[in-house]
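Dear colleague,

I am handing over to you the structure shown below. My findings follow directly after it.

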Amino acid sequence: MNLRVVVASLVVSLKSFYREKTTMFFTTTFPILLILVFGTIFQDQDKLNFDLCLQDLDQTQTTAEIAKTLSLTGKFNVTKVDPNIDATQYAKTNQVNLVVIIPKDYEKSCIRYLQFGDPNAFVTIKFVYDPSSNSVDTKMRILDIIFAKLNQGMSGKPPFAMTEEISILTRKYRFIEFFIPGVIAMAVMTASLFGTVNVNTELRQKGIIRKLSTTPITRSDWVLSNILYQFILAVISTTAMLIVSYAVFDVKLQINAWLPLFIVLDVFTFVGIGLILTRIVKEAQSAAAAANALIFPMMFLSGSFFPLEMMPRFLQTFARALPLYYVNEGLRASMVFHDNAAALNYAAIIGTFAALVFILGIIATKWEEGN
Amino acid sequence: MTKKTEYVIEVEKLTKRYGDLPAVNDISFNVRKGEVFALLGPNGAGKTTTVEIIDTIRTPTSGKVRLLGMDVTKKKRDIVPRIGVLPQGFSSFDRITVRETMQYYSRLFCCRNADIDRLIALVNLNDKAKEQYMNLSGGLKQRLGIAIALVNDPEVVFLDEPTTGLDPRARREVWEVLLGLKQAGKTVFLTTHYMEEAELLADTVAIISKGKIIAMDSPVQLIESNADYLVLTLQSIGEKAFDVVEKMGFAPELNNHKSLNVKVTGTDDIRKILNAMEDAGVSLLNMDVRKPNLEQVFLKLTGEALHEGTSGGKGAE
């Protein structure tokens, strides 16, 4: 291993990168765009209050109190719907996913129930809803709980079974905080794999690798300069992503030594896989297609964007066979959950895998025209 | 000094097969220190395979190749710093300038004292030193490739088809650089399918066809020993000249310019033909007598043309 040679090759790669403005633009801005786009889309996941349309057909003091109570829970921003219009039509016209209808004679029935204990004095609160909406189920579940509490309160007896929440985390994390480590892992993977495959197939096709093989640079020197180059790019894009995350989404993530470690392991793993792919696939275009075929399942199935619990069980098992899963989970363990033991565990697994593919990558790198 | 040590390249019974196909078939030759050795042959003859085995890019199937006294299959690490290679279809990093490219290769060889400016001047690229590789024309790229091959002050320089794909002017500019190397006393191993190139530059030419070396000598000797005839070209009015020459027992050929080529053994034949023309009343417009060149030697030895046309380049400058 000759450090002078490694550094010289690294400088050539960095200069080429800097002078290729389009590549530079996409390498740095793509992950930032990803954070901005997905962060904005998934911001709703962290939303604590929902919009709620309420049609009060009774228009009494009691029903006005209900509207007030619903607002006071902090879960809903209540919009009142004119009692004289059709709720279903209203929902369709205004693209509202839920209209809660408080029936006429609500107050009267309430008085009969409370003062005379009339068992037939009950009311039915109607939920006019759009089943195709994602958040409507959550809204109706919250309303069910609120009305259950109301019923229980009206019965005059203290509740029997009560619940208490104990979080395993020191604080509740937001979806965007869950999402950012996944995007970092994914962006580093994509850049390392594509970068290695593109550069090496291009250099091989153009005969530059053949020329290099007639100089004292060794395979290990070349591979190491590839790794260092990808690591520098990864540090640049990760820094950009973190700055945007802090500035735009005000995230609270723990940045410590685990972050560079997982980035290094991410780079080693996917440069190694890239080198193996370069050997297997000869043409630059098919190599890019093969890299895509690896990246896409990894991107969506390893929990970069969505928590694994959202996926069917067999896919969850499959995810555990993907190297990116361990980078995702390791980064989350350190940045979000502050769990050093888990981070160490994930680092050990991905570290072993990285060492293996890296060695295979060096072996796969064709320096002489062997046959 | 023994005879063996005079040779910087020793090739003995070299064979290279791709599957069942022999690309190079049991060839042997030696290259002396300080000579320009040209391997001349058509595309697919085995030139590149041979040079790439000698300069350590490929491995042989069988046979022995010694470069600077070392086995190329075992001593690559010791050989590489002492040789310079311009591979076939040389290319470099698109966005790196001429000077930076030279500096990079110089660093690969850890040459602290490489005189990059002198090398850039040698290949006449001074004006282009700050130009990125991608903006150079074909001829300039090849010249940069040659300069890179010299960056470690090598004892042997391998140039694999250095002028293929260049237009005639660019080719001549590369030849000037190569003549400079020859004058500087470098040992140069050159492959080419341009016979003018071999004739102009080489001290020794080995003609390779279908993986076999079929003749090897200095260009002059090759022509002398393989083409002991002269070519008489006659241009006349009418077609009577053809019949006259044919009746005399020669085998005339009409060439593209409607003139007549006749192979003759000496000046006596020429005199006889001219007399016969005069007797038959043929008026000659033009007459030319030439010695055959390597192209004709190659044609005679192999029965196939060396390449189609002599300019044949696709590059531009």
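Among the residues that Ala147(B) touches, leaving aside those up to four places away in sequence, are Met102(B), Leu119(B), Ile120(B), Leu122(B), Val123(B) and Leu125(B). Please bear in mind that this is a predicted model.

Ala147(B) also belongs to the largest nonpolar core, which has 141 residues. Together with Ala38(B), Leu40(B), Ile54(B), Phe158(B) and Phe189(B), Ala147(B) touches the most other members of that core. The element that gives the most to this core is helix H7 of chain A, residues 175-205, with 16 residues. Another core, of 13 residues, lies apart from it; Val99(A), Val100(A), Ile102(A) and Val128(A) are among its members. As general background, nonpolar side chains tend to be buried together in soluble globular proteins.

Regarding the meeting of the two chains, 21 residues of chain A are in contact with 24 residues of chain B. On the chain B side, helix H3 (residues 98-108) provides the largest share, namely 5 residues.

Finally, I turn to the domains. In chain A, the domain assignment places 3-43 and 171-364 in domain 1, and 48-154 in domain 2. The C-alpha centres of these two domains of chain A are 50 Å apart. For chain B, the assignment gives 4-224 as domain 1 and 228-290 as domain 2. Between the C-alpha centres of domain 1 and domain 2 of chain B, the separation is 43 Å.

With kind regards

Technical notes:
Residues numbered from 1 in each chain as written. Chains lettered and ligands numbered in written order. Predicted model: local features only at pLDDT ≥ 70, side-chain atom pairs only at ≥ 80, totals over all residues. Contact = placed C-beta atoms within 7 Å. Helix = DSSP H or I, 4+ residues; strand = E, 2+ residues; numbered from the N terminus. Core = buried A, V, L, I, M, F, W, Y, C linked by C-beta atoms within 7 Å. Buried ≥ 20, exposed ≤ 12 C-beta atoms within 10 Å, placed from the backbone. Domains from an automatic or database assignment.
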